[in-house]
Amino acid sequence: MKQGIHPEYREVVFQDMQIDFKFITRSTAPTRETIELDGRTYPLIKLDTSSESHPFYTGAQTRIVETGRVEKFRQKFAAKTEQVNAAAAEAVKAKESAPKVAKAKRAK
């Protein structure tokens with residue numbers, strides 16, 4: 001590896017600001033802040049959320065019931081589907097009765 005072109009890979013403290021959870025890991029993320037933890041000074045990266053506070057990981061995420069969504073969609077478009085089907089049935093009836101009317105007029 002060439003010297004001087006790679007970012008410094010060091011131990012860093014990430015702090016979740018929502019619940020004040022801190023964990024140490026290695027990173028190249030730049031920061032100017034530091035924190036004293038376990039008798040050592042580490043660079044500090046502040047986070048809005050982490051796996052400790054994010055609803056997806058904590059199980060607090062509200063789940064949308066899929067059947068409710070599907071039923072709501074079906075109800076919303078059921079009336080429109082019925083209208084389309086009725087219009088199509090009328091068109092078929094009109095098409096079928098049109099030749100009969102024309103034959104009846106020619107017969108007179």
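Ser 53 counts as buried, because its relative accessibility is 12% and the cut-off for buried is under 20%. The structure described here is a predicted model.

**Ser 53 and its surroundings**

- Ser 53 lies in a loop, with strand E4 (40-47) on one side and helix H1 (55-58) on the other.
- The side chain of Ser 53 makes a polar contact of 2.6 Å with the side chain of Asp 16.
- The side chain of Thr 49 is also joined to that of Ser 53, by a polar contact of 3.0 Å.
- When neighbours within four places in sequence are left aside, Ser 53 is in contact with Asp 16, Gln 18, Ile 19 and Thr 58.

**The sheet**

- Strands of a sheet pair through backbone hydrogen bonds, and the pairing can be parallel or antiparallel.
- In this model, 4 strands form an open sheet in the order E2-E1-E4-E3, and the pairing is mixed.
- Strand E2 (21-27) and E3 are the edge strands, each pairing on one side only.
- From one strand to the next, the twist averages 45°.
- Strand E1 (residues 10-16) and E4 run parallel and are joined by 4 bridges.
- Gln 15 has Lys 46 in E4 as its bridge partner.

**The E3-E4 hairpin**

- E3 pairs with E4 in the antiparallel sense, over 4 bridges.
- The two strands, E3 and E4, form a hairpin with 2 residues between them.
- Asp 38, in the turn, has a positive phi of about 55°.
- Opposite Ile 35 stands Tyr 42 in E4.

**Two faces of strand E3**

- The side chains alternate along strand E3 (residues 34-37).
- Ile 35 and Leu 37 point to one face and are buried.

**The nonpolar core**

- In soluble globular proteins, nonpolar side chains tend to be buried together.
- The largest nonpolar core here has 5 residues in all: Val 13, Ile 35, Leu 37, Tyr 42 and Leu 44.
- E3 and E4 are the elements that give two or more residues to this core.
- Which residues is Ile 35 in contact with, leaving aside its neighbours within four places in sequence? They are Val 13, Lys 22, Arg 40, Thr 41, Tyr 42 and Leu 44.
- Among these contacts of Ile 35 are Val 13, Tyr 42 and Leu 44, which also belong to the core.

Terms used
Residues numbered from 1 in each chain as written. Predicted model: local features only at pLDDT ≥ 70, side-chain atom pairs only at ≥ 80, totals over all residues. Heavy atoms only, no water. Buried < 20%, exposed > 50% of the residue type's maximum accessible area, 1.4 Å probe, protein only. Polar contact = N/O pair within 3.5 Å; in protein donor to acceptor, adjacent residues only side chain to side chain. Contact = heavy atoms within 4.5 Å. Pairing = 2+ DSSP bridges. Core = buried A, V, L, I, M, F, W, Y, C linked by side-chain atoms within 4.5 Å. Axes fitted to C-alpha atoms, helices over the stretch in contact; angles between N-to-C directions.
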